[in-house]
Amino acid sequence: MNALFEDFDEIAELAEGLDDASPGTRIMAVMELANSADPAAIAHLARAISDADAGVRKQAALALTAFDGPETAAALVSALTDSDPAVIEAAALSLTELKDPEAGDAILPHLGDTDTVKLTACFAGIKELRRTEAMGAAITALKHEDAGVRIGAVGVIGWLQDEGSLPALRDAAKDVDTNVRRTALAALGFSKSEHAEATLIAALNDPEWLVREAAAETLAKVGGAKCVTALRIALEDEFWQVRLKAVRSLGKMNAVEAALEIAPMMDLLIPNLRKECAAVLGEMAAPETRPYLEKYVDDTDPDVRKNVRWALGKIDAQ
Amino acid sequence: MPLAQTSTIVPVVIDDALCIADKGCTVCVDVCPLDVLRIVEGPDGSPVTAHMKYDECWYCMPCEADCPTGAVTVNLPFLLK
Amino acid sequence: MDEILDGTTQIDCDILIIGGGTAGPMAALKAKRKNPKANVILLDKANVKRSGAISMGMDGLNNSVIPGYATPEQYTKEITIANDGIVDQKAVYRYAEECYGIIQELDEFGIRFQKDQNGEYDVKKVHHIGTYVLPMPNGDTVKKALYRQLRKARINIINRYMATRLLTGEGRIAGAICVNTRTAEFLVVRAKAVVMSLGAAGRLGLPASGYLYGTYENASNSGEGYSMAYHAGAGLANLECFQINPLIKDYNGPACAYVAGPLGGYTSNAQGERFIECDYWSGQMMQEFYDELQGGKGPVYLKLNHLAEETVAEIERVLHIVERPTRGHFHRGRNTDYRKDMIEMHISEIGFCSGHSASGVFVDERARTTIDGLYAAGDMANVPHNYMLGAFTNGAFAGLDAVDFIKDVDFADFDMGDVDAERTRVLAPTKRDDGIPPNQIEYKTRRFVNDYLQPPKVTAKMELAQRRFEEVRHDMETEMYVRDSHELMRSLEASAIMDCADMAAAASLYRTESRWGLYHNRVEYERDDENWFCHTILTKGDDGKPAHAKKAVDDYIVEIDEDEKDAYNNQRVTSTVAAE
């Protein structure tokens, strides 16, 4: 009979394969070291990440996903300047899997690096580790010429949730790149400040609908009377996706004063929007919207119908 | 009563040039939930390459995703593709 | 490899967990952490690294109950209504209360749940009553992350052994008999407690493609859990509440309205109109789907072509990497572009799976079956609509309770004659010189399942099914022939599938009413709350055939208002009239 249980081999024994002449054998050793889930394997994988064969290096970069901490992070950062793009891609992916804040020690010194790919990967890696020391470098990087780097930097700032970063986020919300603007607006969601509010409201006039959508969505988190006024205007956006987020946000803020503006939107032809309007009108439960809802109690669209009936029930329960 | 030899086209294809079964790799065979892959052995019993032995594929992809050298391709079974 | 060897080994452990997909690993980890001295074995027919329904990952949680987005009360209410009231709420409520803790634990394992740009959970609004959908951006790494935890905890893992029968003695669980899928050698595991987490019975109906393994469920989930529980004498609940799902036609994989829905995609008829509620799968929804297909308004589609390019690209990104990555291959092969084309959908073959419906081994809120020391969790246990997070959470309950159970017990004595009888049964197809291969036995069984059991259910057809099943069973028991140990595994699966087919017919005949929409649409009977507002429990009778009993639904802990009880039904009845 073959070995019954999966085995737990000695790490040193598994690592011997890394010295074999055949790259295939070295790849096998890397995979077995990864399967061990034993931190003693990290040092060996760190060695394999500078193997002569690109296939081995890539596998080592992937294998390090199984581990955490500064030693793992250092090995992955070293692979970000590999000659093979596949190795870099693997290392960048593994960096985003780090959880241990201490792993950030190995990334922080590289946040001023000139290599764009490396910098993007380092920001992506440090983001979830929430290291406050990364703030300065992230703010500096908002001026970087590469949009990917700027998005990464905004991500880091957003996760740190520091009111001190608001001016930087406001600048990022005016970035030339659509995705930087979107990300920056979403990142403002932690703040209840007038600063954040003003930036988000201004963004409702952005030329890109994706940016306006992000602003309309995030305004619900910031709250406040000015937000309601701005969102009521956004109900007339030319993109239904933006209108839908405005409706939802007004619903979340329970802005009953907007109910009679939302109610006529039930007559529009866009199913997703009508469904959302009905749900929000139910949450608001304003009796004056009843006639608008009643028209659609037997709507052919079942989601609209269901939400309309639910909404009418909510109004009745008042 | 002999059983018939009916031919079938199998969905999982291995690039022999990339496969490192000869180095002892059995990753694709190990991860297949339906256990349909096997290693072809040479005349001396040594491993040569992987292949799909049984046409019982859920086209789920671990064999392709986990292969360290990109030697495995999962196609959809003809009957449903 | 694959030759048939002779041999039997016996080993002992405290807790044997059968099935290393989703619930099993969590049960093992929880048990080991609670009692590090416990000898826990996790056994799988495949390889724990990539076994089970989430082999390639999962794109999100459908039923996360996260404080601030939904409450256990709301969730329990929703599940109770979606399941037409036949719910023991205690189990659902406990799940709802504790699943957030499990999410946080999974997060620590490295399984990432979508967070917003401030690092907070980004729960997608799908229902106005509660919000339950939590996307998983690196959902393709779920199994790897789980496997890492198992290795770190040094759980004893046995791969490529298929459990075929449970052992019982002294009125409780005693262990399991297993067979190696590559050598046919036997392994008898004595255990003080056993957790069953063997997944759905997904190879019950035959997919429309005719390809045996082109199933909705992972095709290795062939119903052994249901079969073993049955033969051990455990009760199985509401098996007539079949699993039927809306799927991409031919590909037979999920269209994932849960992914597309929050982004604006929906299921439409040929006119591009939404005709079913998109918020939550239910039997009633499947009935509407069926009616539309049959009623001349089909084909039915997943509609995305009204969405903006940026949104379609996002949906593609998720749908083509996670859970069923070959979806992308399939659409490319057929030149389907989400931007221009609607995606043709269909309804799946039937199966048992409480992950999506409610058909499973009866368990309480501690995952205990009706046999002492035997637990069940995940798709095969009857906590309704519990999906992946339910498998993790109820698996955790099973592991934790099993640790308490083994404190005061030793191994139960069992009859060695049971082991000998099982060896004889298992090996019979290896002792013949020729005969019927397992794939033909399986095909015929599953074709009859489609012919006679696929709803709408008709009494005379189901009775015919029983006769046909009996004939095929006879052929299976006297003529099935295998050439190697791999085929032997398939023969054992064919036998489990046959047991499930028998149970599906018997359970469906027993409940003489219609309930759960299409899942149990018995055309000759209306819904009948007076006689059938109860669970049905199927057990193995003294005659070796399925026996039935009614079991009262436990008192609700979250009251459902009278007008809410029929919320789904009422809305539809009126609407159909209005639409016509």
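How many residues does the contact take from chain B and how many from chain A? The contact takes seven residues from chain B and eight from chain A, two residues being in contact when their C-beta atoms, placed from the backbone, lie within 7 Å.

## Basis of the model

This is a predicted model, in which local features need pLDDT of at least 70 and side-chain atom pairs count only at pLDDT 80 or more, while totals for chains, interfaces and linings use all residues. Residues are numbered from 1 along each chain as its sequence is written, and chains are lettered from A and ligands numbered from 1 in the order in which they are written.

## Chain contacts

On the side of chain B that touches chain A there are four nonpolar residues, two polar and one charged; here Ala, Val, Leu, Ile, Met, Phe, Trp, Tyr, Cys and Pro count as nonpolar, Asp, Glu, Lys and Arg as charged, and the others, Gly among them, as polar.

The contact between chains A and C draws 37 residues from chain A and 33 residues from chain C. H19(A) gives the most to the side of chain A that touches chain C, with seven residues, and by class that side has 15 nonpolar, twelve polar and ten charged residues.

## A buried helix segment

In helix H8 (residues 134-141) of chain A, the buried residues are Ala134(A), Ala137(A), Ala138(A), Ile139(A) and Ala141(A). A residue is buried if 20 or more other C-beta atoms lie within 10 Å of its own, and helices are DSSP runs (H or I, at least four residues) numbered from the N terminus. The cover over the buried residues of H8(A) includes H7, H9 and H10 of chain A.

How values were computed: Helices (H or I, at least four residues) and strands (E, at least two) are DSSP runs, numbered from the N terminus. A residue is buried if 20 or more other C-beta atoms lie within 10 Å of its own, exposed if 12 or fewer, and partly exposed in between; C-beta atoms are placed from the backbone.
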